[in-house]
Amino acid sequence: MSKPLRWGIISTGGIATNFAKDLLTDPANRSASDVSHVIKAIGSRSVPSAQKFLDMLSSADAPADWGGKNGSLDGCKAHGSYEEVYADPNVDVVYIGTPHTLHHRNTKDALLAGKHVLCEKPFTLNMEELDELIAIAKEKKLFLMEAVWTRFHPIMYAIQDVLFSGKLGKIKRFQADFSMNFNADKQPDSHRMVDPALGGGSLLDMGPYPSVWAMMTLFNHPSNNKTPPNVLFTHQTIYKRSNVDLNSRWLLEFPGLGGVQALLTTDMATLGCGEMTALIDCEEASLAIAWGPFKPEKFWIIPHIARKSGSITEKTEHSHPVVGNSGMAYEADEVFRCLAKGKLESERMPWDESKIVQGWFDQVRKEGTSALKDMKGTEGQ
Ligand SMILES: NC(=O)C1=CN([C@@H]2O[C@H](COP(=O)(O)OP(=O)(O)OC[C@H]3O[C@@H](n4cnc5c(N)ncnc54)[C@H](OP(=O)(O)O)[C@@H]3O)[C@@H](O)[C@H]2O)C=CC1
Ligand SMILES: O=C1OC[C@@H](O)[C@H](O)[C@H]1O
(Lines give C-alpha, C1' and ligand atoms only; values in the text may rest on other atoms or scores of the structure.)
(Ligands and ions follow the chains in the order given, each with its own letter.)
Protein backbone atom coordinates (compact mmCIF):
# COMPACT_ATOMS: atom_id res chain seq x y z
CA MET A 1 0.00 0.00 0.00
CA SER A 2 1.18 3.57 -0.73
CA LYS A 3 1.62 6.14 2.04
CA PRO A 4 -1.53 7.34 3.84
CA LEU A 5 -3.46 10.04 2.01
CA ARG A 6 -3.32 13.28 4.03
CA TRP A 7 -6.67 15.11 4.04
CA GLY A 8 -7.56 18.70 4.87
CA ILE A 9 -11.24 19.30 5.65
CA ILE A 10 -12.82 22.61 4.65
CA SER A 11 -15.82 23.60 6.80
CA THR A 12 -17.28 22.07 9.93
CA GLY A 13 -20.94 21.61 8.93
CA GLY A 14 -23.15 18.56 8.73
CA ILE A 15 -21.65 16.75 5.81
CA ALA A 16 -18.03 17.62 6.63
CA THR A 17 -18.70 15.87 9.96
CA ASN A 18 -19.93 12.69 8.25
CA PHE A 19 -17.11 12.70 5.74
CA ALA A 20 -14.35 13.26 8.30
CA LYS A 21 -15.76 10.53 10.55
CA ASP A 22 -15.81 8.11 7.64
CA LEU A 23 -12.13 8.82 6.98
CA LEU A 24 -11.54 7.54 10.51
CA THR A 25 -13.25 4.18 10.02
CA ASP A 26 -11.34 0.94 9.52
CA PRO A 27 -10.99 0.27 5.77
CA ALA A 28 -10.87 -3.48 6.49
CA ASN A 29 -14.56 -3.33 7.48
CA ARG A 30 -15.44 -2.36 3.91
CA SER A 31 -12.89 -4.83 2.47
CA ALA A 32 -10.54 -2.04 1.33
CA SER A 33 -7.09 -3.35 2.17
CA ASP A 34 -5.31 -1.03 -0.27
CA VAL A 35 -6.20 2.38 1.20
CA SER A 36 -5.19 4.52 4.16
CA HIS A 37 -6.51 7.94 5.18
CA VAL A 38 -5.28 10.46 7.74
CA ILE A 39 -6.64 13.92 8.57
CA LYS A 40 -3.96 16.57 8.91
CA ALA A 41 -5.94 19.83 8.95
CA ILE A 42 -9.39 21.21 9.67
CA GLY A 43 -10.29 24.61 8.20
CA SER A 44 -13.14 26.70 9.55
CA ARG A 45 -14.00 30.39 9.53
CA SER A 46 -12.95 30.49 13.17
CA VAL A 47 -10.36 28.68 15.28
CA PRO A 48 -12.83 27.68 18.06
CA SER A 49 -15.10 26.03 15.54
CA ALA A 50 -12.19 24.16 13.89
CA GLN A 51 -10.96 23.07 17.34
CA LYS A 52 -14.46 21.94 18.37
CA PHE A 53 -14.66 19.85 15.21
CA LEU A 54 -11.25 18.31 15.91
CA ASP A 55 -12.25 17.57 19.51
CA MET A 56 -15.43 15.92 18.24
CA LEU A 57 -13.40 13.73 15.86
CA SER A 58 -10.94 12.85 18.61
CA SER A 59 -13.75 11.55 20.79
CA ALA A 60 -15.87 10.00 18.04
CA ASP A 61 -17.78 6.81 18.77
CA ALA A 62 -17.45 3.61 16.75
CA PRO A 63 -16.87 3.06 13.90
CA ALA A 64 -14.98 6.37 13.58
CA ASP A 65 -13.06 5.83 16.83
CA TRP A 66 -10.82 3.39 14.94
CA GLY A 67 -8.87 6.26 13.29
CA GLY A 68 -8.16 8.10 16.53
CA LYS A 69 -6.80 4.93 18.10
CA ASN A 70 -4.68 4.20 15.04
CA GLY A 71 -2.98 7.57 14.63
CA SER A 72 -5.17 8.95 11.81
CA LEU A 73 -5.54 12.27 13.66
CA ASP A 74 -1.94 12.59 14.82
CA GLY A 75 -0.62 16.11 14.25
CA CYS A 76 -3.97 17.35 12.91
CA LYS A 77 -4.18 21.17 13.06
CA ALA A 78 -7.29 23.29 13.66
CA HIS A 79 -7.03 26.36 11.38
CA GLY A 80 -9.18 29.49 11.65
CA SER A 81 -9.28 30.00 7.88
CA TYR A 82 -9.58 27.84 4.79
CA GLU A 83 -6.46 29.46 3.30
CA GLU A 84 -4.28 27.99 6.04
CA VAL A 85 -5.41 24.51 5.00
CA TYR A 86 -4.60 25.18 1.34
CA ALA A 87 -1.13 26.33 2.44
CA ASP A 88 -0.55 23.47 4.90
CA PRO A 89 2.42 21.40 3.63
CA ASN A 90 1.11 18.31 5.44
CA VAL A 91 -2.06 18.22 3.33
CA ASP A 92 -2.28 16.36 -0.02
CA VAL A 93 -5.97 16.65 -0.78
CA VAL A 94 -8.72 19.03 0.34
CA TYR A 95 -12.35 18.00 0.94
CA ILE A 96 -14.78 20.90 0.46
CA GLY A 97 -18.11 20.79 2.31
CA THR A 98 -19.26 24.42 2.08
CA PRO A 99 -22.60 25.72 0.66
CA HIS A 100 -23.07 25.56 -3.12
CA THR A 101 -22.12 29.08 -4.13
CA LEU A 102 -18.74 28.74 -2.39
CA HIS A 103 -17.66 25.53 -4.14
CA HIS A 104 -16.02 27.30 -7.08
CA ARG A 105 -14.13 29.82 -4.94
CA ASN A 106 -12.93 27.20 -2.42
CA THR A 107 -11.96 24.61 -5.03
CA LYS A 108 -10.14 27.17 -7.15
CA ASP A 109 -8.18 28.47 -4.18
CA ALA A 110 -7.19 24.93 -3.17
CA LEU A 111 -6.11 23.99 -6.70
CA LEU A 112 -4.13 27.20 -7.13
CA ALA A 113 -2.33 26.39 -3.88
CA GLY A 114 -1.36 23.02 -5.39
CA LYS A 115 -3.81 20.73 -3.59
CA HIS A 116 -5.91 17.93 -5.06
CA VAL A 117 -9.64 18.45 -4.43
CA LEU A 118 -12.76 16.45 -3.64
CA CYS A 119 -15.69 18.93 -3.71
CA GLU A 120 -19.24 18.28 -2.51
CA LYS A 121 -22.15 18.18 -4.92
CA PRO A 122 -23.31 20.15 -6.84
CA PHE A 123 -19.82 20.79 -8.16
CA THR A 124 -20.43 24.43 -9.08
CA LEU A 125 -23.19 26.94 -9.73
CA ASN A 126 -22.84 26.87 -13.51
CA MET A 127 -20.90 25.40 -16.43
CA GLU A 128 -18.51 28.35 -16.69
CA GLU A 129 -17.33 27.81 -13.11
CA LEU A 130 -16.90 24.08 -13.71
CA ASP A 131 -14.99 24.57 -16.95
CA GLU A 132 -12.59 26.93 -15.21
CA LEU A 133 -11.90 24.44 -12.40
CA ILE A 134 -11.27 21.60 -14.84
CA ALA A 135 -8.90 23.79 -16.84
CA ILE A 136 -6.93 24.65 -13.69
CA ALA A 137 -6.76 20.98 -12.59
CA LYS A 138 -5.47 19.99 -16.04
CA GLU A 139 -2.93 22.79 -16.17
CA LYS A 140 -1.60 22.16 -12.68
CA LYS A 141 -1.87 18.36 -13.01
CA LEU A 142 -4.02 18.01 -9.92
CA PHE A 143 -6.77 15.53 -9.13
CA LEU A 144 -10.31 16.95 -9.06
CA MET A 145 -13.60 15.15 -8.39
CA GLU A 146 -17.21 15.97 -7.50
CA ALA A 147 -18.19 14.09 -4.33
CA VAL A 148 -21.17 12.14 -5.68
CA TRP A 149 -20.84 9.40 -3.05
CA THR A 150 -23.75 7.29 -4.37
CA ARG A 151 -21.73 6.38 -7.46
CA PHE A 152 -19.38 4.34 -5.27
CA HIS A 153 -21.91 2.46 -3.12
CA PRO A 154 -22.11 -1.33 -3.31
CA ILE A 155 -25.72 -1.14 -4.51
CA MET A 156 -24.81 1.01 -7.51
CA TYR A 157 -22.48 -1.69 -8.85
CA ALA A 158 -25.14 -4.37 -8.16
CA ILE A 159 -27.89 -2.47 -10.00
CA GLN A 160 -25.62 -1.83 -12.96
CA ASP A 161 -24.76 -5.55 -13.08
CA VAL A 162 -28.44 -6.51 -13.31
CA LEU A 163 -29.41 -3.85 -15.86
CA PHE A 164 -26.31 -4.19 -18.03
CA SER A 165 -26.53 -8.02 -18.12
CA GLY A 166 -29.69 -7.63 -20.22
CA LYS A 167 -31.68 -10.11 -18.12
CA LEU A 168 -34.45 -7.54 -17.62
CA GLY A 169 -34.54 -6.82 -21.36
CA LYS A 170 -34.30 -3.34 -22.82
CA ILE A 171 -34.99 -0.33 -20.60
CA LYS A 172 -38.26 1.29 -21.66
CA ARG A 173 -38.90 4.06 -19.12
CA PHE A 174 -37.28 5.69 -16.06
CA GLN A 175 -38.31 7.93 -13.18
CA ALA A 176 -36.29 9.09 -10.17
CA ASP A 177 -37.23 11.43 -7.36
CA PHE A 178 -35.80 13.07 -4.26
CA SER A 179 -38.60 14.49 -2.10
CA MET A 180 -38.16 15.53 1.50
CA ASN A 181 -39.79 18.17 3.66
CA PHE A 182 -37.14 20.62 4.85
CA ASN A 183 -39.82 22.70 6.70
CA ALA A 184 -38.50 25.77 4.91
CA ASP A 185 -41.00 28.08 6.66
CA LYS A 186 -39.39 27.21 9.99
CA GLN A 187 -35.82 27.84 8.80
CA PRO A 188 -34.05 31.20 9.10
CA ASP A 189 -33.47 33.33 5.99
CA SER A 190 -29.79 32.37 6.20
CA HIS A 191 -30.45 28.59 5.88
CA ARG A 192 -28.58 27.19 2.89
CA MET A 193 -31.78 25.64 1.45
CA VAL A 194 -33.62 28.98 1.73
CA ASP A 195 -30.98 31.61 0.90
CA PRO A 196 -30.46 32.14 -2.86
CA ALA A 197 -27.01 33.60 -2.14
CA LEU A 198 -25.96 30.16 -0.85
CA GLY A 199 -27.48 28.37 -3.88
CA GLY A 200 -30.71 27.47 -2.05
CA GLY A 201 -33.69 25.54 -3.35
CA SER A 202 -34.31 21.92 -4.19
CA LEU A 203 -32.60 21.69 -7.58
CA LEU A 204 -28.95 22.16 -6.66
CA ASP A 205 -29.14 20.33 -3.33
CA MET A 206 -31.38 17.39 -4.23
CA GLY A 207 -31.04 17.29 -8.03
CA PRO A 208 -27.70 15.41 -7.98
CA TYR A 209 -29.55 12.28 -6.78
CA PRO A 210 -32.23 11.64 -9.43
CA SER A 211 -29.40 12.64 -11.77
CA VAL A 212 -26.95 10.06 -10.43
CA TRP A 213 -29.46 7.26 -11.06
CA ALA A 214 -30.11 8.45 -14.62
CA MET A 215 -26.39 8.81 -15.29
CA MET A 216 -25.36 5.46 -13.85
CA THR A 217 -28.18 3.32 -15.26
CA LEU A 218 -29.05 5.06 -18.57
CA PHE A 219 -26.11 7.21 -19.66
CA ASN A 220 -23.59 4.53 -18.65
CA HIS A 221 -25.66 1.65 -20.09
CA PRO A 222 -23.44 -0.14 -22.63
CA SER A 223 -26.12 0.23 -25.35
CA ASN A 224 -26.18 4.02 -24.87
CA ASN A 225 -22.56 4.38 -25.95
CA LYS A 226 -22.24 7.44 -23.67
CA THR A 227 -24.67 9.47 -25.78
CA PRO A 228 -25.89 12.49 -23.77
CA PRO A 229 -29.67 12.84 -23.48
CA ASN A 230 -31.77 15.77 -24.69
CA VAL A 231 -33.71 17.81 -22.14
CA LEU A 232 -37.33 17.78 -23.41
CA PHE A 233 -38.86 20.06 -20.79
CA THR A 234 -38.21 21.64 -17.41
CA HIS A 235 -40.39 23.16 -14.70
CA GLN A 236 -39.82 24.81 -11.32
CA THR A 237 -42.28 25.91 -8.61
CA ILE A 238 -41.01 28.90 -6.67
CA TYR A 239 -40.88 29.47 -2.90
CA LYS A 240 -42.20 33.04 -2.70
CA ARG A 241 -40.41 33.93 0.54
CA SER A 242 -36.91 33.77 -0.92
CA ASN A 243 -37.53 33.02 -4.61
CA VAL A 244 -35.69 29.68 -4.66
CA ASP A 245 -37.25 26.57 -6.24
CA LEU A 246 -39.52 24.46 -4.03
CA ASN A 247 -39.53 21.76 -6.66
CA SER A 248 -37.94 21.06 -10.02
CA ARG A 249 -38.82 18.65 -12.81
CA TRP A 250 -36.96 17.83 -15.99
CA LEU A 251 -37.66 15.24 -18.67
CA LEU A 252 -34.76 13.65 -20.50
CA GLU A 253 -34.77 11.61 -23.70
CA PHE A 254 -31.91 9.21 -24.43
CA PRO A 255 -31.54 8.83 -28.21
CA GLY A 256 -28.78 6.24 -27.63
CA LEU A 257 -31.33 3.98 -25.91
CA GLY A 258 -33.97 4.27 -28.62
CA GLY A 259 -35.61 7.33 -27.05
CA VAL A 260 -36.06 6.09 -23.45
CA GLN A 261 -37.54 8.95 -21.43
CA ALA A 262 -36.46 9.75 -17.88
CA LEU A 263 -38.44 11.98 -15.55
CA LEU A 264 -36.32 13.51 -12.79
CA THR A 265 -37.96 15.34 -9.87
CA THR A 266 -36.97 17.10 -6.65
CA ASP A 267 -39.19 18.53 -3.90
CA MET A 268 -38.10 20.24 -0.70
CA ALA A 269 -41.63 20.73 0.69
CA THR A 270 -43.17 17.32 0.05
CA LEU A 271 -42.37 14.02 1.61
CA GLY A 272 -42.10 11.31 -1.05
CA CYS A 273 -43.58 7.87 -0.45
CA GLY A 274 -40.53 6.89 1.58
CA GLU A 275 -40.37 3.39 0.07
CA MET A 276 -38.99 3.99 -3.37
CA THR A 277 -36.70 6.48 -5.05
CA ALA A 278 -36.44 5.30 -8.66
CA LEU A 279 -38.29 2.98 -10.99
CA ILE A 280 -36.78 1.54 -14.13
CA ASP A 281 -39.34 -0.22 -16.34
CA CYS A 282 -37.74 -2.82 -18.58
CA GLU A 283 -39.18 -5.30 -21.11
CA GLU A 284 -39.10 -8.30 -18.76
CA ALA A 285 -39.64 -6.65 -15.34
CA SER A 286 -39.26 -3.39 -13.45
CA LEU A 287 -36.38 -2.54 -11.14
CA ALA A 288 -37.40 -0.43 -8.14
CA ILE A 289 -34.77 1.27 -5.97
CA ALA A 290 -35.53 1.87 -2.28
CA TRP A 291 -35.47 5.28 -0.58
CA GLY A 292 -33.30 7.33 0.02
CA PRO A 293 -31.86 8.36 -3.29
CA PHE A 294 -28.49 9.25 -1.75
CA LYS A 295 -27.93 5.87 -0.04
CA PRO A 296 -30.44 3.16 -0.84
CA GLU A 297 -29.49 -0.28 0.40
CA LYS A 298 -32.16 -2.40 -1.31
CA PHE A 299 -33.75 -2.85 -4.69
CA TRP A 300 -36.52 -5.04 -6.01
CA ILE A 301 -37.08 -6.77 -9.30
CA ILE A 302 -40.82 -6.72 -9.89
CA PRO A 303 -42.34 -9.00 -12.54
CA HIS A 304 -44.96 -7.80 -15.03
CA ILE A 305 -47.13 -10.67 -13.83
CA ALA A 306 -50.34 -8.66 -13.56
CA ARG A 307 -50.00 -7.66 -17.17
CA LYS A 308 -49.14 -11.23 -18.18
CA SER A 309 -45.94 -10.27 -19.95
CA GLY A 310 -42.25 -10.64 -19.24
CA SER A 311 -40.26 -13.74 -18.44
CA ILE A 312 -39.65 -12.99 -14.74
CA THR A 313 -42.28 -14.50 -12.47
CA GLU A 314 -41.09 -13.89 -8.90
CA LYS A 315 -40.63 -10.56 -7.11
CA THR A 316 -37.14 -10.57 -5.57
CA GLU A 317 -35.48 -8.30 -3.00
CA HIS A 318 -31.75 -7.53 -3.23
CA SER A 319 -29.88 -6.08 -0.28
CA HIS A 320 -26.53 -4.28 -0.67
CA PRO A 321 -25.81 -2.34 2.52
CA VAL A 322 -23.08 0.15 3.18
CA VAL A 323 -20.74 -1.53 5.66
CA GLY A 324 -18.51 -0.14 8.42
CA ASN A 325 -18.94 3.55 7.50
CA SER A 326 -21.78 5.95 6.70
CA GLY A 327 -21.25 5.72 2.93
CA MET A 328 -18.71 8.47 2.30
CA ALA A 329 -15.58 6.35 2.78
CA TYR A 330 -16.03 4.74 -0.63
CA GLU A 331 -15.56 8.04 -2.49
CA ALA A 332 -12.53 8.81 -0.31
CA ASP A 333 -11.10 5.41 -1.27
CA GLU A 334 -11.62 6.30 -4.93
CA VAL A 335 -9.56 9.47 -4.42
CA PHE A 336 -6.81 7.42 -2.76
CA ARG A 337 -6.74 4.90 -5.62
CA CYS A 338 -6.78 7.55 -8.36
CA LEU A 339 -3.92 9.44 -6.74
CA ALA A 340 -1.93 6.23 -6.22
CA LYS A 341 -2.19 5.71 -9.99
CA GLY A 342 -1.36 9.34 -10.79
CA LYS A 343 -4.80 10.04 -12.31
CA LEU A 344 -6.25 13.55 -12.52
CA GLU A 345 -9.87 12.36 -12.75
CA SER A 346 -11.89 9.35 -11.71
CA GLU A 347 -13.26 7.00 -14.36
CA ARG A 348 -16.28 6.36 -12.12
CA MET A 349 -16.93 10.11 -11.63
CA PRO A 350 -15.38 11.73 -14.69
CA TRP A 351 -15.42 15.48 -15.38
CA ASP A 352 -17.56 15.01 -18.49
CA GLU A 353 -20.30 13.38 -16.44
CA SER A 354 -20.26 16.20 -13.88
CA LYS A 355 -20.59 18.53 -16.88
CA ILE A 356 -23.63 16.71 -18.29
CA VAL A 357 -25.49 17.04 -14.98
CA GLN A 358 -24.32 20.65 -14.59
CA GLY A 359 -25.79 21.30 -18.05
CA TRP A 360 -29.20 19.99 -16.93
CA PHE A 361 -29.15 22.21 -13.83
CA ASP A 362 -28.13 25.24 -15.91
CA GLN A 363 -31.04 24.63 -18.30
CA VAL A 364 -33.60 24.05 -15.52
CA ARG A 365 -32.49 27.28 -13.81
CA LYS A 366 -32.48 29.31 -17.03
CA GLU A 367 -35.96 28.11 -18.03
CA GLY A 368 -37.32 28.77 -14.51
CA THR A 369 -38.05 31.99 -12.68
CA SER A 370 -36.13 31.57 -9.40
CA ALA A 371 -33.59 34.04 -8.01
CA LEU A 372 -30.92 31.65 -9.29
CA LYS A 373 -32.11 32.03 -12.90
CA ASP A 374 -29.57 34.66 -13.91
CA MET A 375 -27.22 34.32 -10.96
CA LYS A 376 -23.63 34.90 -12.02
CA GLY A 377 -20.97 32.52 -10.85
CA THR A 378 -17.56 33.53 -9.55
CA GLU A 379 -15.63 32.16 -12.55
CA GLY A 380 -12.70 34.36 -13.50
CA GLN A 381 -12.60 35.93 -10.04
N1 LIG B 1 -23.15 14.07 0.06
C2 LIG B 1 -24.15 14.26 0.90
O3 LIG B 1 -24.82 13.34 1.34
C4 LIG B 1 -24.49 15.60 1.36
C5 LIG B 1 -23.92 16.67 0.76
N6 LIG B 1 -24.21 17.93 1.17
C7 LIG B 1 -23.54 19.03 0.49
O8 LIG B 1 -22.57 19.55 1.38
C9 LIG B 1 -22.51 20.95 1.32
C10 LIG B 1 -22.74 21.55 2.70
O11 LIG B 1 -23.96 21.08 3.21
P12 LIG B 1 -24.18 20.92 4.81
O13 LIG B 1 -23.03 20.25 5.43
O14 LIG B 1 -25.52 20.33 4.98
O15 LIG B 1 -24.23 22.46 5.22
P16 LIG B 1 -24.02 23.08 6.68
O17 LIG B 1 -24.79 24.34 6.65
O18 LIG B 1 -24.26 22.10 7.74
O19 LIG B 1 -22.46 23.42 6.69
C20 LIG B 1 -21.86 24.29 5.81
C21 LIG B 1 -20.56 24.79 6.38
O22 LIG B 1 -19.94 25.63 5.42
C23 LIG B 1 -19.21 26.65 6.09
N24 LIG B 1 -19.60 27.95 5.54
C25 LIG B 1 -18.76 28.82 4.92
N26 LIG B 1 -19.38 29.92 4.55
C27 LIG B 1 -20.66 29.78 4.95
C28 LIG B 1 -21.80 30.62 4.85
N29 LIG B 1 -21.75 31.82 4.25
N30 LIG B 1 -22.94 30.18 5.37
C31 LIG B 1 -23.02 28.97 5.95
N32 LIG B 1 -21.97 28.13 6.06
C33 LIG B 1 -20.80 28.54 5.57
C34 LIG B 1 -19.51 26.54 7.57
O35 LIG B 1 -18.37 25.94 8.19
P36 LIG B 1 -17.31 26.83 8.99
O37 LIG B 1 -18.09 27.75 9.85
O38 LIG B 1 -16.55 25.82 9.74
O39 LIG B 1 -16.46 27.57 8.00
C40 LIG B 1 -20.68 25.60 7.64
O41 LIG B 1 -20.66 24.80 8.80
C42 LIG B 1 -23.49 21.34 0.24
O43 LIG B 1 -22.81 21.40 -0.97
C44 LIG B 1 -24.47 20.18 0.19
O45 LIG B 1 -25.09 20.02 -1.08
C46 LIG B 1 -25.04 18.15 2.22
C47 LIG B 1 -25.65 17.11 2.87
C48 LIG B 1 -25.44 15.75 2.45
O1 LIG C 1 -26.77 15.47 -0.36
C2 LIG C 1 -27.75 15.44 0.34
O3 LIG C 1 -28.26 14.26 0.76
C4 LIG C 1 -29.03 14.17 1.91
C5 LIG C 1 -29.95 15.35 2.06
O6 LIG C 1 -30.55 15.31 3.30
C7 LIG C 1 -29.20 16.64 1.88
O8 LIG C 1 -30.05 17.74 1.87
C9 LIG C 1 -28.47 16.67 0.59
O10 LIG C 1 -27.63 17.79 0.54
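These are my notebook entries on a predicted model of one chain with a ligand.

**Ground rules.** I number residues from 1 along each chain as its sequence is written, and I letter chains from A and number ligands from 1 in the order in which they are written. Since the model is predicted, I read local features at a pLDDT of at least 70 and side-chain atom pairs at 80 or more, while totals for chains, interfaces and linings use all residues.

**Confidence.** I looked up pLDDT, the predictor's confidence in each residue from 0 to 100, and found a chain average of 96, with 100% of the residues scoring at least 70. For the complex, the predictor gives an ipTM of 0.99 and a pTM of 0.98.

**Overall form.** I counted 11 helices and 14 strands in the chain, taking helices (H or I, at least four residues) and strands (E, at least two) as DSSP runs numbered from the N terminus. The radius of gyration is 21 Å, close to the 21 Å of the globule rule for 381 residues, so the chain is as compact as a globular protein of that length; the radius is taken over C-alpha atoms, and the rule is 2.2 Å times the number of residues to the power 0.38.

**Ligand 1.** I listed 21 residues around ligand 1, with Thr12, Gly13, Gly14, Ile15 and Ser44 coming nearest; a residue counts as near if its C-beta atom, placed from the backbone, lies within 6 Å. Helix α1 (residues 14–23) gives the most to this shell, with 3 residues. Domain 1 (5–149 + 327–349) and domain 2 (154–321 + 358–367) both contribute to the shell, so the ligand lies between them; the bounds come from an automatic or database domain assignment.

**Phenylalanine 336.** I found this residue in helix α10 (residues 329–340), where phenylalanine 336 is buried, with 22 other C-beta atoms within 10 Å. The cut-offs are 20 or more such atoms for buried, 12 or fewer for exposed, and partly exposed in between, with C-beta atoms placed from the backbone.

**Backbone exceptions.** Most residues other than glycine have a negative phi, and most peptide bonds are trans. I noted a cis bond from alanine 62 to proline 63, with omega near 5°, and another cis bond from lysine 121 to proline 122, with omega near -15°. Asparagine 183 has a positive phi of about 50° and is exposed, with 11 other C-beta atoms within 10 Å. Asparagine 243, with phi near 70°, sits in the loop between β8 (230–239) and β9 (244–254) and counts as partly exposed.
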